[in-house]
Amino acid sequence: MTGISTHVLDTSVGRPAEGVPVELALHTEGGWKVLGTSATDSDGRAKDLPAVEAGSVVRLLFDTAAYYAAKSEETPFFPEVSIVFTVAPAQHHYHVPLLLNPFGYSVYRGS
């Protein structure tokens, strides 16, 4: 099993993005199966997502519209961010940070 964590930084204010809803789903023949949900903490981290089997194709879905609505800001250009990746057999953990602003985002494989 491979652990999955994420960290969201709001680059428009230079701070962690607290309260971003995050969903982890597994790709199956029938579509996406939700494995777990979370929300980022005060440090912008979601550490309580479930582990997944090696070789799986998974999706992290970030509800950015909910995050910006809670901040009483305009609806962002990207109301959600979907990151799909394959979990390699030899990896024990994946950390997938998201750098977010109302008009763009960037993601990378962290350590």
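Setting aside neighbours within four places in sequence, Ile 4 is in contact (heavy atoms within 4.5 Å) with Leu 24, Leu 49, Pro 50, Val 52, Leu 60, Phe 85, Val 87, His 93 and Tyr 94. The model is a predicted one, in which local features need pLDDT of at least 70, side-chain atom pairs count only at pLDDT 80 or more, and totals for chains, interfaces and linings use all residues. Residues are numbered from 1 along each chain as its sequence is written, and side-chain values use heavy atoms, with hydrogens and water left out.

Ile 4 also turns up in the largest nonpolar core, a set of 22 residues in which Ile 4, Leu 60, Phe 62 and Phe 85 touch the most other members. Such a core is made of buried Ala, Val, Leu, Ile, Met, Phe, Trp, Tyr and Cys residues joined through side-chain atoms within 4.5 Å; buried means under 20% relative accessible area, exposed over 50%, and partly exposed in between, with a 1.4 Å probe and protein chains only. At least two residues of this core come from each of strands E1 (3-10), E3 (21-28), E6 (57-62), E7 (81-86) and E8 (93-101) and from helix H1 (64-70). The top contributor is E8, with four residues. Helices (H or I, at least four residues) and strands (E, at least two) are DSSP runs, numbered from the N terminus. In soluble globular proteins, nonpolar side chains tend to be buried together.

With 11% relative accessibility, His 95 counts as buried. Its side chain makes a polar contact of 2.7 Å with that of Ser 5; the term covers a pair of N or O atoms within 3.5 Å where, within protein, one must be able to donate a hydrogen and the other to accept it, and residues adjacent in sequence count only if both atoms are side-chain atoms. Beyond four places in sequence, His 95 has contacts that include Thr 6, His 7, Arg 45 and Tyr 108.

Zooming out, the chain has one helix and nine strands, in the order β-β-β-β-β-β-α-β-β-β from the N terminus. Its radius of gyration (over C-alpha atoms) is 14 Å, close to the 13 Å that the globule rule (2.2 Å times the number of residues to the power 0.38) gives for 111 residues, so the chain is as compact as a globular protein of that length. The C-alpha trace spans about 40 × 30 × 20 Å along its principal axes, and 39% of the 111 residues count as buried.
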